[in-house]
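Q: I would like to learn how to read a structure such as this one, feature by feature. Could we begin with what surrounds a single residue?

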Amino acid sequence: MAKVVQLRGQSPAGWSKERWIWLRAVTADSRLLPMPRLLATVLAQGFANHETAECRPGLAALMAAIGASRSTTFRALADLERLGWIARIGGEAPGRAASYCFGFPDIERVSPMTPERVSPMTPERVS
């Protein structure tokens, strides 16, 4: 089950700190293509309230922010939602903007954002 960041009633330092942890984890997720990663960054940095994590961008604003078509934006949102990074609330009716919650899926499946460890290699001998 994904941990979802609360939209309201959160201490001001809560989302400010969690946002960077969330962004680091999303960008380290090798299952995501570049467009969903870009959209995640735009959602967290450009549209989410810095204190409450409330995020209600319209589709037109998201399309303009990432410079993508409607279908590409929908695919990126669907990928983030399918993997548990965001959860959509509402927005089913025409003209109604959806709200997004930020989630942390199974962190065990996400590779940490650390430098690659290179094992020491011994030179091969050519006979």
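Q: Which residues does A65 touch, not counting residues up to four places away in sequence?

A: Contact here means heavy atoms within 4.5 Å, and by that rule A65 touches V42 and F47 once residues up to four places away in sequence are not counted. A65 lies in helix 3, where helices are DSSP runs of H or I with at least four residues, strands are runs of E with at least two, and both are numbered from the N terminus. A65 and G46 are 8.7 Å apart in space, C-alpha to C-alpha, and 19 residues apart in sequence.

Q: What kind of model is this, and how are its residues numbered?

A: This is a predicted model, in which local features need pLDDT of at least 70 and side-chain atom pairs count only at pLDDT 80 or more, while totals for chains, interfaces and linings use all residues. Residues are numbered from 1 along each chain as its sequence is written, and side-chain values use heavy atoms, with hydrogens and water left out.

Q: Why does A65 count as partly exposed?

A: Buried means under 20% relative accessible area, exposed means over 50%, and partly exposed lies in between, with a 1.4 Å probe and protein chains only. A65 counts as partly exposed because its relative accessibility is 40%. A53, in the loop between helix 2 and helix 3, counts as buried because its relative accessibility is 0%, and A53 also has a positive phi of about 70 degrees although it is not a glycine.

Q: Where does A76 lie, and which residues is A76 in contact with?

A: A76 lies in helix 4 and is buried because its relative accessible area is 2%. Leaving aside neighbours within four places in sequence, A76 is in contact with M35, P36 and L39. For M35, the separation from A76 is 41 residues in sequence and 6.1 Å in space, C-alpha to C-alpha.

Q: Which residues touch the most other members of the largest nonpolar core?

A: A nonpolar core is a set of buried Ala, Val, Leu, Ile, Met, Phe, Trp, Tyr and Cys residues joined through side-chain atoms within 4.5 Å. The largest one has 27 residues, of which W22, L39, L43, L80, W85, I86 and F102 touch the most other members. Helix 1 (12-28), helix 2 (34-47), helix 3 (59-66), helix 4 (70-82) and strand 3 (99-104) each supply at least two residues of this core.

Q: What does W22 contact, leaving aside its neighbours within four places in sequence?

A: W22, which is placed in helix 1, is buried with a relative accessible area of 0%, and its contacts beyond those neighbours are A40, A44, W85, I86, F102, G103 and F104. W22 and F104 are 82 residues apart in sequence and 7.1 Å apart in space, C-alpha to C-alpha. L43, with residues up to four places away not counted, touches A48, C55, P57, L62, L77, L80, I86 and F102.

Q: How is the largest pocket read, and which residues lie nearest its centre?

A: Rolling a probe the size of a water molecule over the atoms shows where empty space is left. On a 1 Å grid over the protein atoms alone, a pocket is an open set of points where a 1.4 Å probe fits, with protein on both sides within 12 Å along at least five of seven lines, and lining residues have an atom within 4 Å of a point. The largest pocket is lined by 19 residues, with L59, F74, G91, A98 and Y100 nearest its centre. Helix 3, helix 4 and strand 2 (86-89) each supply at least two lining residues, and the largest share, five residues, comes from helix 4.

Q: What pattern does the protein chain follow along the sequence?

A: The protein chain has four helices and three strands, in the pattern β-α-α-α-α-β-β. Buried residues make up 33% of its 127 residues.
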